[in-house]
Amino acid sequence: MYLNGQGTDTNITDAVKWFEKSAQLGNADAYYQLGYIYYKDDYGLKNNQAAQQYFRNAFELYTKSFNEKPDGNISYKIGQMYHYGLGVERDIDKAISWYKKSMELGNMKAQQKINEAEQENQVAAMAVATTICHFGNMIKNETSNMFKQRYYSDSKILKKEKIQKIYAGQAVDDKSQDFDY
């Protein structure tokens, strides 16, 4: 209530105090809220390290709770944590898996998150493919430029060598000799 100013004035300090008390009693949602408060710029307490620690604590409690008694809302929250990298390494495939568990347990809003995550996977795959295509074009262009430049440079070098041979009194078609001692 302090966080959102419901029934009282908004007071982040009091909200954090009460969330911390609740978290100490093992409330995963309180850990999650603390992580969110420290994660967002909105509250003036941004601290990514603290946020990730609170999220990790919430993740541990959520997974423990889910293993004891599977629940659609808990699996949805675990999916979100994987989806956005909150307290765990971001993993879209794991997020989709947890969202599917959530749907199987009756949480219909998980389908929207599945669609969103799958779309992100497609966008990421397209970005990789585009990057590879651009990289291939760069290599092709650089390679062709290199060969053009090399051939052009070689003809200049050959011309200089020809002039040096004439000054040295050699025939132009004489091959230079290498002596290996």
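Before the first selection, a word on terms: a helix axis here is a line fitted to C-alpha atoms over the stretch in contact, and an angle runs from 0 to 180 degrees between N-to-C directions. Keep in mind as well that this is a predicted model.

Begin with the protein chain as a whole, coloured by secondary structure, where you will find six helices and zero strands, running α-α-α-α-α-α from the N terminus on. If you then show the surface, its accessible area comes to about 13100 Å², with 52% belonging to carbon and sulfur atoms, while 27% of the 181 residues count as buried.

Next, select residues 48–68, which form α3, together with residues 72–84, which form α4; these helices pack at an angle of about 145°, with their axes 10 Å apart, and the crossing is left-handed. Which residues of α3 and α4 make the contact? On the side of α3 they are Phe55, Ala58, Phe59, Tyr62, Thr63, Ser65 and Phe66, and on the side of α4 they are Ile74, Ser75, Lys77, Ile78, Met81 and Tyr82. By type, this contact holds nine nonpolar residues, three polar and one charged.

Now turn to the largest nonpolar core, which has 35 residues, and highlight Tyr32, Tyr38, Tyr62, Ile78, Met81 and Tyr82, the residues with the most contacts inside it. Its largest share, eight residues, comes from α3.

Finally, centre the view on Tyr32, which, leaving aside residues up to four places away in sequence, touches Phe55, Ala58, Tyr62, Gln80, Met81 and Leu86.

Methods: Residues are numbered from 1 along each chain as its sequence is written. This is a predicted model: local features need pLDDT of at least 70, side-chain atom pairs count only at pLDDT 80 or more; totals for chains, interfaces and linings use all residues. Side-chain values use heavy atoms; hydrogens and water are left out. Helices (H or I, at least four residues) and strands (E, at least two) are DSSP runs, numbered from the N terminus. Buried means under 20% relative accessible area, exposed over 50%, partly exposed in between (1.4 Å probe, protein chains only). Accessible areas come from the Shrake-Rupley method with a 1.4 Å probe; for residues, only the protein chains shown count as cover. A crossing is left-handed if the near helix is turned anticlockwise from the far one by less than a right angle, and right-handed if clockwise. Contact means heavy atoms within 4.5 Å. Ala, Val, Leu, Ile, Met, Phe, Trp, Tyr, Cys and Pro count as nonpolar, Asp, Glu, Lys and Arg as charged, and the others, Gly among them, as polar. A nonpolar core is a set of buried Ala, Val, Leu, Ile, Met, Phe, Trp, Tyr and Cys residues joined through side-chain atoms within 4.5 Å.
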